[in-house]
Every structure is written in C-alpha cells, then in structure tokens.
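Subject: Structure for you to look at

Hello,

Please open the structure below and keep it beside this email while you read. My notes on it follow.

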Amino acid sequence: MTASSHSTVRQCDAVVVGAGIAGLYQMHRLRELGLSVQGIEAGTNVGGTWYWNRYPGARLDSQSELYQYWFSKELYESVPLSERFLAQPELEKWLQGVADKLDLKKSYQFSTRVEAAIFNDETGRWLVKTDQGDQIDCKYFVSCAGMLSAPMSNLFKGQETFKGKLFHTARWPKEEIDFSGKKVGVIGIGATGIQVIQSVAPLAGHLKVFVRTPQYTIRMNNPQYTEADRQKFHQEFETNKALVNTTFSGFQYDFENGSWHDATPEERQQVYEKLWSEGTLKLWLAAYFEVFVEQEANDDISEFVRNKLRARLNHDPELCDLLVPKDYGFATHRVPLENGYLEAFLRPNVTGVAVKENPIVEVVPEGIKLQDGTVHELDMLILATGFDAGTGALTRIDIRGRGGRKLADDWGRDIRTTMGLQVHGYPNLFTVGAPLAPSAALCNMTTCLQQQAGWIADAIAHLESKGLHTMEPSAEKEDEWVRHHDEIANATLLTKTDSWYMGSNIPGKPRRLLSYAGGVNVYKQACDEAKASGYPGFNLA
Ligand code: NAP
C-alpha cells in the first residue's frame, strides 16, 4: 500500500489487531466464516509476544507440549518439540510456520500501528485509522493486541541522555548484542528480568541488578524431549486438548493433592518437595487451592520456597536480605521459572543493588542515579520493567464507542469488561486477552486465547447468520460480570500483593485484579453457556 492510496476509506468485515498467538487464530477463524478481514500488526512479521520479546534468555515457562494450538492435530504434530520449555527463536519460527501453513500473512498489513478506532452511531460500524494513514471501515473491530504488549519503556527521567545503549526487553533489537567487557545494568526482576539476568551474567564484564521487590521463583527443569516423548504427546493430543479446558489453570494438571487442611505438615512438605523437584509451574498452580485463599496455607508454602531460595544463595545474609521475599506471599503474583537466576548473584561479576529504600531517581549520561546521589556507571542499561498489562494495548489506541465515549477515559476510572470479551458502550468491539478474563496471570495463554478467539468467532457467526448488525453487553450484564469477578478476586490473597496483576505498577491505574481468578474451566463454562443460550444480557440488534 502506498501513501497516496491512504486518503480513501477501505471497507472490510473485520479488522483484527495483532498477529500473535491470538491474532493468527482469530484471523483463521474469521476467514473460515467467509468474512473479509484486514489484519494490522505493528511488527514486521507475525509472532506477537515471541516477535517482540527477543531479549537474551527469552523462553517459555509453560510446558511446550501444552502451549499449543489445538484446532489441528496435523499442525500440532508439525511443531518441533525439542525441549520442555522452548526458547524464543523456536517459538517465533513456530508461529511463522503456522502463518505460512494457513496462508495468514496475506491478510496482514505489517509495520502498521492502529492509532484510532471510532464507532459510528449512525452506521453501526467502526472506522479504524493507522499510523500509515490507512482508514478502514469495518463491522467488527477485534483486538488481539496482547495482555502484556504495552511496554513500560519510558519510565525514568533522563533516559534520553544516557550515553550508552538502552533497551526495553519487549523492544529488543534483532541484531546480536555484544556484552563482553561491558558494564551492564538491569532494572527489573520479574519473569523477564530473571531470564535476562541469568543469561547476561556469564557474558557481561560486570552486571548490576537494581532490585526493588524480591521474587519467589521456582528452578526450571528443562529436559530435552526425545522422539519417544514427542510420539507420546502426539498420542495424547485429544486427551490434552480436552483437559486444558477443564482445569483451573489451562494446563493438563489440577489441584491433585486434596485439601491442605487434611494433610499433615509432613505430607504437605512431601507435596511441596515433589512439585519443587518437577521444576514446572505446578508448585504454584497445583499444590493446594488453599494457597491462593488462606493465609495459613500461603505462609506455609511461602516459607518452603523461601528456604529453597536461601539455600541456593548459600545462606549469604546480604543476598538473602536482598533477594528473598519477606512481605508478601508465594503465588500472590506471577511465579517465574528460572535456571541460574539466583546463582548469578554468587558470581564475582554480578552485584545486586537495593533500590527499595534508596530508589532510582533518574538516568544520567553515565548511568543510574539513586536518591542518595550515588551514580552507578553503565555502558548498557536493560529495562525489564514490564508492561501496562491488560488495558495498555487498548488505551494506547484512541478507541471511541457509542456517543464518542473514550475507552481510555472509561478504564481510567474503572476497568470493566463483560467476560473480557466485550465492553458495554462499545458495540462490536471484541477483545482477546483483555481484563477480567483468565489471561496471562492465571492461565496457560494458548488455552485462554484460543477459547476467547473461538467464542468471538462463534458470536460473529451468530450475528452474520441472523442478519444482525451489532452486539453489545448491557450495563446490567457487565455489572453482573464485574461483581462476580470481584467477589472471586477479593476472596483470594492475590489482591493483597502489589504487582501488574493489580495494576499497581502503573501510577493512578484503578486497582482491580486484571485476570479472572475463578478458573479457566469455570470461565469457559460461563462463555459456553452464554453462547448456548443465545447470549443473554448481550443486546443483539
Ligand atoms: P513485571 O513482572 O511487571 O516486572 C517488572 C520489574 O521491574 C519488577 O521487578 C519491578 O519491581 C521492576 N521495576 C519497575 N519499575 C521499577 C523502578 N522504578 N525501580 C526498580 N524496579 C522497577 O514485568 P515482566 O518481568 O516483564 O513480566 C511481565 C509478565 O510477562 C510476567 O509476569 C509474565 O506473565 C510474562 N512473562 C512470561 C515469561 C515466560 O513465560 N517465560 C517471560 C517473561 C515475562 P517491583 O516489583 O518492585 O515493582
């Protein structure tokens, strides 16, 4: 498309934003309905999360055989499952392969960002505008723009003055970065930061890690998969496809150890040890349900994990003080898997810098300046500082619904959706990976994304088959879902801990648990019921 053709308004049935796991599947499903669909993707190619997050060490911590598409056995069997937790290059290649096999790329306009989407009350259609000057008139505006895709990349005063190289992990360059002999700084020890730290520590001249809130982590066990393993997964395809939709977390396992109260302290320790040694997310997502909702159970498992962390830090008092959590519980925000993150701090070329009491005040040309005036000199600075999760991808677009209401304003007051799939006031806006659905925080992402994209495709098919124009949840329906969401959220310990789960990493963001905590299985049931009973509470016109 050339710039000169941009003044005209193009027409299509649907615009899908994003060419990641959700976007590709959504595109496939909508095209299957015979709709004309325009995909818009800011990257130069498909991959979404696995396109943007190409930082050193980027890797899954969901098991590869379960982090999959389930709509085609043939597709499943074509994935080279080389190890339990695949790394970014393979994941990007996988999604490239999916897009090629389904011939999806021809439906996308790449290197293009949606800037605005305006609902027209009279025509009942959306006008989508891009940074390349496109104007697209469509019936359905479908966001698959990602739960964790709006990076917090401009956090510190003075970033532009830094003389060295500065990166945000979610905007990592495609070319190789040479860390040898360099003084490298990393801010952030979330799931991203720990992967960067353990990968860059052996490569850098010196690595300084600026630590604010210590993390509970689980040591990853990442065996190479053999041909026999792959055969087994292929045989288990149908079973696992069914299972992932019936568990709390969207994996194939569930809480299998009975009640925490019924177990003796010794039995609990055995369960923790067994799950710890498995080296997967099971210790977090499948030990005991009470861990999420009862302080006593949570304290118990938290102390178990803290002991593991202390042992790995050789009980060094200073490192333990810096890196072992004290004031919040295990499982109350994302628990990452890692492989050598803690041991990196035992290396002579790695220093942890405490920045809770003495915070970072600005980036200066030489490096990082703390509140007490100390300047840490750096050649490279890596911001592993996370995302404006859930809402950011949508509020960074100027989305206007009925009567010109603005989504950024609405969500600036209160983050509300109906099952994470639609928002009252925004007819025919459909969202995957949006707040108040079980995405990212408490779900194997591929399970939730496919389920949501599938629901949207079915809803659109319903509208088309009935000759209907618009679908929008009523205010009452949305109230009902928000109430249900909050009831469950407030019964958990998740709401007591500050993290992106609660939006507390963004100053001024309304506080609400972003992901639905009732379980992937319960959520799917609610979505299935809505569909089966003709979408009660949604206004279809
Ligand atoms: P994150 O969990 O939000 O972590 C951001 C980090 O930056 C935190 O340690 C935070 O400290 C720190 N930070 C922010 N501002 C700071 C400041 N001014 N001074 C010092 N430290 C500061 O972000 P993330 O690590 O990118 O992870 C986001 C999510 O992406 C994960 O939870 C996970 O769901 C997903 N993810 C998944 C994988 C995987 O599957 N393998 C890998 C990476 C990411 P505080 O905690 O003190 O705020």
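Val184 is buried, with a relative accessible area of 0%; buried means under 20% relative accessible area, exposed over 50%, and partly exposed in between, computed with a 1.4 Å probe and the protein chains only. This is a predicted model, where local features need pLDDT of at least 70 and side-chain atom pairs count only at pLDDT 80 or more, while totals for chains, interfaces and linings use all residues. Residues are numbered from 1 along each chain as its sequence is written, and side-chain values use heavy atoms, with hydrogens and water left out.

The sheet

Val184 belongs to strand β8. Helices (H or I, at least four residues) and strands (E, at least two) are DSSP runs, numbered from the N terminus. In space, the C-alpha atoms of Val184 and Val350 are 9.6 Å apart, although 166 residues separate the two in sequence.

Strand β8 is part of an open sheet of 5 strands, in the order β7-β16-β8-β9-β12, with parallel pairing. Its edge strands, β7 (165–168) and β12 (350–354), each pair on one side only. On average, neighbouring strands of this sheet are turned by 20° against each other, direction ignored. For such angles, axes are lines fitted to C-alpha atoms (for helices over the stretch in contact), and angles run from 0 to 180 degrees between N-to-C directions. Two strands are said to pair if DSSP finds at least two bridges between them. As a general point, strands of a sheet pair through backbone hydrogen bonds, either parallel or antiparallel.

Next, strand β16 and its partners. Strands β8 (residues 183–187) and β16 (residues 380–383) run parallel and are joined by 4 bridges. Gly185 has Leu381 as its bridge partner in β16, and Val186 stands opposite Ile382 in that strand. β7 also pairs with β16 in the parallel sense, over 4 bridges, and there Lys165 has Met380 as its bridge partner. Both faces of β16 are covered: Met380 and Ile382 are buried on one side, Leu381 and Leu383 on the other.

The ligand

Which residues come nearest to the ligand? Of the 24 residues around it, they are Arg59, Thr192, Arg212, Thr213 and Trp500; a residue is near a molecule or strand if one of its heavy atoms lies within 4 Å of it. The shell divides into 13 nonpolar, 7 polar and 4 charged residues. Here Ala, Val, Leu, Ile, Met, Phe, Trp, Tyr, Cys and Pro count as nonpolar, Asp, Glu, Lys and Arg as charged, and the others, Gly among them, as polar. Helix α5 (residues 191–200) gives the largest share of the shell, 3 residues.

A polar backbone atom of Arg59 is 2.5 Å from a nitrogen atom of the ligand. For Gln195, a polar side-chain atom lies 3.3 Å from a ligand nitrogen atom. In Thr213, an N or O atom of the side chain is 2.5 Å from an oxygen atom of the ligand. The protein covers 84% of the 920 Å² of accessible area that the ligand has on its own.

Two loop residues

His315 has a positive phi of about 55° although it is not a glycine. His315 sits in the loop between α11 (295–312) and α12 (317–323) and is exposed, at a relative accessible area of 54%. Met419, also not a glycine, has a positive phi near 55°. Met419 lies in the loop between α15 (407–413) and β18 (429–431) and counts as buried, at 2% relative accessibility.

Regards

Methods:
Polar contact = N/O pair within 3.5 Å; in protein donor to acceptor, adjacent residues only side chain to side chain. Areas by Shrake-Rupley, 256 points an atom, 1.4 Å probe, with all protein chains shown as cover.
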